Amino acid sequence: MNEITENPKRAGVLAALKLVLDPELGISIIDLGLIYRVEVIGQQAMIEMTMTSPGCPLSVSIVDEVRLMVLKENINLSGVQVEVVWDPPWSPELMSDEAKKILQG
Amino acid sequence: MDLKPNYRLPLMAMGMLSLITALWGGIQRLGWELPTLTITLPAHHGPLMVGAFLGTVIGLERAVALARLWGYLGPLMTGVGGILMITGAAPLIVAQALISAGSFMLILVFVAFTQRQFHWFLVIMGLGALSWFVGNLLWLQGSAVYQIVWWWMGYLLLTIAGERMELGRMLFLSQTKQMLMLISVAISIVGMMLTSWDADSGARLLGLGMITSALWLGHFDVARRTVKQKGLPRFIAINLLAGYFWLAVSGLLLITYGADFSGLRYDAVLHAFFLGFVFSMIFGHAPVIFPAVLGRGMLYRPLFYIHVVLLHFVLLLRVGGGLTEEIWLRDIGGLLSAITLVIFVINTVLAVLAHARATK
């Protein structure tokens with residue numbers, strides 16, 4: 001069984017996160033490796049994520065977009081909790097192969 | 001606890017007011033007739049642009065990144081410093097002290113970032129803030145702007161270089177390639193510091209650091225990849241790459257002429273750097289940063305290319321006119337560059353309003 005059939009709610013959240021892009025790179029935060037944990041308990045989604053830099057001015061606006069997009073794409077959910085953590089630090093190795101391909105030409 | 005977006009508006013407004021009045025003074029300084037707002041405004045063009053406008057906007061974006069109330073003290077102080085310079089409501093030294101204090105706060109903000117996670121690119125950006133602070137202190141204790149402007153240039157160069165090095169991690173560049181950029185940054189820092197003892201040698205060394213930084217960025221920056229995309233990522237990348245061109249031009253002029261304070265060459269160097277390089281960064285990132293800072297969305301529109309194309313065209317007139325000693329051409333380029341920045345502000349505001357209408 002794959003994610004979609006085994007845990008459709010979580011899959012729905014991941015699908016929404018795929019639509020949240022880093023505006024400069026045009027790459028999703030999933031492919032950048034910024035999402036550390038996604039859980040859905042009842043109608044609440046809980047997301048643990050990080051940013052590529054602790055000094056990023058877009059931190060709050062990306063978190064806002066995460067909440068909006070997850071709720072917009074998953075009408076069965078009533079709330080989204082997002083926690084930004086700095087440990088473990090993000091590293092480029094966390095990027096998906098797709099992202100690496102785009103950035104390395 | 002963070003400052004809510006609505007409360008950040010007055011800070012942004014102070015920064016934008018400093019920009020508009022700085023342009024007013026700048027146009028007057030070129031000899032164009034405009035109603036006089038205050039007698040000292042033309043003389044304050046540089047400090048208003050760097051300390052009150054750029055300092056407030058950059059301070060504000062980093063305060064948003066920090067998401068703590070104390071982080072907003074910096075842009076508050078530089079914003080108020082700008083208002084005092086514009087109005088002359090207090091002796092200049094008060095404005096200078098406020099801007100100096102605001103720049104010190106930016107250093108503290110970067111220290112706070114390194115406590116979240118340590119990265120060398122944050123140290124470089126923090127050294128940028130330190131450069132700005134040192135330049136402000138020298139200005140406060142009586143140095144003329146032309147004597148210390150190199151420190152202000154270093155501030156922006158290091159801030160931007162650090163930012164680009166942060167993104168550069170995604171390219172998995174070799175240690176050697178990363179070292180080349182660090183060396184360019186180091187050369188720039190040494191040059192900038194040297195200007196306080198030997199302005200000419202220091203400026204030339206700073207110019208060398210600028211050229212090598214520009215070559216590195218033009219070749220290795222992530223913009224070389226994202227320029228192949230469409231829409232906003234491509235728009236940002238085009239602005240970045242154009243900015244690196246002007247950084248190289250600034251460097252070349254500095255190497256060639258050193259700390260030449262004869263009006264035209266000095267004007268050419270400063271505006272190649274501050275307009276061509278720094279404002280290219282601002283134009284490119286405005287569709288991303290303004291919404292993040294103000295909590296209001298902004299629709300990216302291809303018509304933004306209008307102010308982008310204008311910027312480079314008018315700068316060619318200005319710098320070309322200055323270097324060929326065709327003062328009339330320099331003056332027209334200068335007037336048009338001010339108009340270009342006003343068009344940029346209008347386009348930005350309209351895009352924010354368009355987004356608000358679209359999402360009602």
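## Salt bridge, interface and helix packing

The side chains of B:R164 and A:E24 form a salt bridge, with an N to O distance of 2.8 Å. B:R164 belongs to helix 6 (residues 145-168) of chain B, and A:E24 sits in the loop between strand 1 (21-22) and strand 2 (27-28) of chain A, so the pair joins two chains. Side chains of opposite charge can pair when their charged atoms come close. The model is predicted.

Over all chains, the structure holds 16 salt bridges. Across the interface of chain B and chain A, the rule finds 1 salt bridge.

The interface itself takes 30 residues from chain B and 25 residues from chain A. About 2400 Å² of area is buried between chain B and chain A, and carbon and sulfur atoms give 64% of that area. On the chain B side, B:Q117, B:M170 and B:F172 lose the most area to chain A; together they account for 27% of what that side buries.

| Helix pair | Axes come within | Crossing angle |
|---|---|---|
| Helix 2 (residues 45-66) and helix 3 (residues 73-87) of chain B | 8 Å | roughly 155° |
| Helix 4 (residues 92-116) and helix 5 (residues 120-140) of chain B | 9 Å | roughly 165° |

For the pair of helix 2 and helix 3 of chain B, the axes cross at roughly 155°. Angles over 145 degrees count as roughly antiparallel, and helix 2 of chain B is therefore roughly antiparallel to helix 3 of chain B. Helix 2 of chain B passes helix 3 of chain B in a left-handed crossing. From helix 2 of chain B, the residues in contact are B:P47, B:L48, B:G51, B:A52, B:G55, B:T56, B:G59 and B:L60. In helix 3 of chain B they meet B:P75, B:T78, B:G79, B:G82, B:M85 and B:I86. Sorted by class, the contact of helix 2 of chain B with helix 3 of chain B has 7 nonpolar, 7 polar and no charged residues.

For the pair of helix 4 and helix 5 of chain B, the axes cross at roughly 165°. Helix 4 of chain B and helix 5 of chain B are therefore roughly antiparallel to each other. The crossing in which helix 4 of chain B passes helix 5 of chain B is left-handed. The contact of helix 4 of chain B with helix 5 of chain B comprises 17 nonpolar, 7 polar and no charged residues.

Note on methods:
Residues are numbered from 1 along each chain as its sequence is written. Chains are lettered from A and ligands numbered from 1 in the order in which they are written. This is a predicted model: local features need pLDDT of at least 70, side-chain atom pairs count only at pLDDT 80 or more; totals for chains, interfaces and linings use all residues. Side-chain values use heavy atoms; hydrogens and water are left out. Axes are lines fitted to C-alpha atoms, for helices over the stretch in contact, and angles run from 0 to 180 degrees between N-to-C directions. Helices (H or I, at least four residues) and strands (E, at least two) are DSSP runs, numbered from the N terminus. Angles under 35 degrees count as roughly parallel, over 145 as roughly antiparallel, 65 to 115 as roughly perpendicular and the rest as oblique. A crossing is left-handed if the near helix is turned anticlockwise from the far one by less than a right angle, and right-handed if clockwise. Ala, Val, Leu, Ile, Met, Phe, Trp, Tyr, Cys and Pro count as nonpolar, Asp, Glu, Lys and Arg as charged, and the others, Gly among them, as polar. Contact means heavy atoms within 4.5 Å. Buried area is the accessible area (1.4 Å probe) that two parts lose on being put together, summed over both. A salt bridge is a side-chain nitrogen of Lys or Arg within 4 Å of a carboxyl oxygen of Asp or Glu.
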